[in-house]
Amino acid sequence: MTERIVIVGGGTGGSVLTNRLTDELSAEIEAGDVEVTLVNDTPEQTYKPMFLYMAFGKKTLHDARRPLSDLVDLRHANLLIDRVTGVDTERKHLTLAKDDAGLDYDHLVLAMGADLAPDEVPGLKEGGHHFYAPDGAERLRDELANFTEGHLVLSVIGVPHMCPAAPVEFVLMADAWFRERGLRDQVEITYTYPIQRAHGIKTIADWATELFEERDINLETFFNAEEVDPDAKVLKTMEGTELDYDLLVAIPPHTGSELVSEAGLGEDGWVEVDKNTLEAKNADDVYAIGDVASLPTSKAGSVAHYAAGTLADRLASRVRGLVPTDTYDGKTICFIESGMDEATFVEFSYGDEPVVREPSQLLHWSKLAYNESYWLTARGLI
Amino acid sequence: MSETIQPDVTVDSRGATCPGPLMDLIGKVKKVDAGTVIELQTTDSSSSHDVPEWVNKAGHEMLDIVEHEDEGFWSVFIETTK
């Protein structure tokens, strides 16, 4: 009997997993013993880290997109462009938007990523910009290009959110960008963060705080915006403070998937999983990787990438009747831009405090080079 | 007795590196109604002062901090007021 592995979501986690699995199990797939299906609601993959550069006019949406059919090994995997509308973990069945028959599975991997939920904060949609989706990044690019004076506020509102380093990168890049344009004296920059320091990871917070002081970037902590007044251009917080802005760039609230909540797999749409095995806690033969998984680490592409490698190994063992041995240790890697021509780099696992390296132009080039070669990661090669 | 506190919601942040237990708690507070008792489970010892500092600043109520020595984590109980 054929073992059916279904992967929902064609982002970093889904594409890496599909390619690693089909590579590892090619003999079993060719013999008809295993079938791997990747389901995605669009025919393309969008590489989200490009959005930060789109906001400064350095990249376009074209740079951030590739057809999934170019990324996935279609000799060994089925690619289904459809939207999953329901998950029945008892019957091991998915309902689909376009195909009434749906899809049965023996092993299900959820990798749908995270969605934005700006409506959770009244006034945010009308009063704020963001760079966490293509349309937002394009609108922000136009706004920044025309912004010559006033108060630029970057407010981290949504927690948890994708790419935890990106807000720090944005203000450091904006500082350099306005300096290059000779406008920095006319632009005040403020960065706000929900907890008592500038970042969730203490070493990154300490590093960023020092840079903010050097570069005249204001830092507001214990700042949790709960309302935006777009007419008065004021941010109001859970802590009872207010902040005026001329241009608000917000990290919007994020949400997981309704499919997850409706299937009883986790609260707020995040799949509750074992942090090492990536197995769902509330259903058998269900796994989650990437942003949709509730893991005690960053919602970052590298997490999806490395977790996908672990899960490919574990699933291959499962279908071969072996005891899975590989485990995910929380490995996370982030390049962090600290201006327009310098960057640093951190690497950590569960429980670690990373060391922030001295920023350099070489690391900036490394980040840009990785962004170009990312499509090899999506293909399961690096 | 703190052992008798029955949370309405539990936030399991044990082992959290990023975004961290306090961020997980704030995210949950945003989503629940006033009067909700939340238990934050954390292995990060700094939560014992970070969390009360934010809870007081945001005007919620600290209920208790219970150390589970054998299991190596703390339960921080708060009640939302708004």
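## Two domains in chain A

In this predicted model, the centres of domain 1 and domain 2 of chain A, taken over C-alpha atoms, are separated by 31 Å. Domain 1 of chain A is made of two stretches, 3-114 and 256-331, while domain 2 of chain A covers 116-254.

Where the two domains touch, domain 1 of chain A supplies 15 residues and domain 2 of chain A supplies 20 residues. On the domain 1 side, helix H3 (residues 50-55) of chain A gives the most, with four residues. Sorted by class, that side of domain 1 of chain A has nine nonpolar, three polar and three charged residues.

## The five-stranded sheet

Now let us look at the strands. Chain A has an open sheet of five strands with parallel pairing, in the order S5-S2-S1-S9-S20. At its edges you will find strand S5 (77-81) and strand S20 (286-288) of chain A, each pairing on one side only. On average, neighbouring strands of this sheet are turned by 20 degrees against each other, direction ignored.

Within this sheet, strand S1 (residues 3-8) and strand S9 (residues 107-110) of chain A are joined in the parallel sense by four bridges.

Helix H11 (residues 301-319) of chain A lies across S1, S2, S9 and S20 of chain A. Helix H11 of chain A runs at about 170 degrees to S9(A).

## The three-stranded sheet

Another open sheet of chain A has three strands in the order S6-S7-S8, and here the pairing is antiparallel. Strand S6 (84-88) and strand S8 (103-104) of chain A each have a single partner strand, so one side of each has no neighbour in the sheet.

S6(A) and strand S7 (residues 93-96) of chain A run antiparallel and are joined by four bridges. If you find Gly86(A), look for its bridge partner in S7(A), which is Thr95(A).

## Where chain B meets chain A

Finally, the two chains. Their contact takes 22 residues from chain A and 17 residues from chain B. On the chain B side, the elements giving two or more residues are helix H1 (21-31) and helix H2 (47-58) of chain B. By class, this side of chain B has eight nonpolar, five polar and four charged residues.

Technical notes. Residues are numbered from 1 along each chain as its sequence is written. Chains are lettered from A and ligands numbered from 1 in the order in which they are written. This is a predicted model: local features need pLDDT of at least 70, side-chain atom pairs count only at pLDDT 80 or more; totals for chains, interfaces and linings use all residues. Two residues are in contact if their C-beta atoms, placed from the backbone, lie within 7 Å. Ala, Val, Leu, Ile, Met, Phe, Trp, Tyr, Cys and Pro count as nonpolar, Asp, Glu, Lys and Arg as charged, and the others, Gly among them, as polar. Two strands pair if DSSP finds at least two bridges between them. Axes are lines fitted to C-alpha atoms, for helices over the stretch in contact, and angles run from 0 to 180 degrees between N-to-C directions. Domain bounds come from an automatic or database domain assignment.
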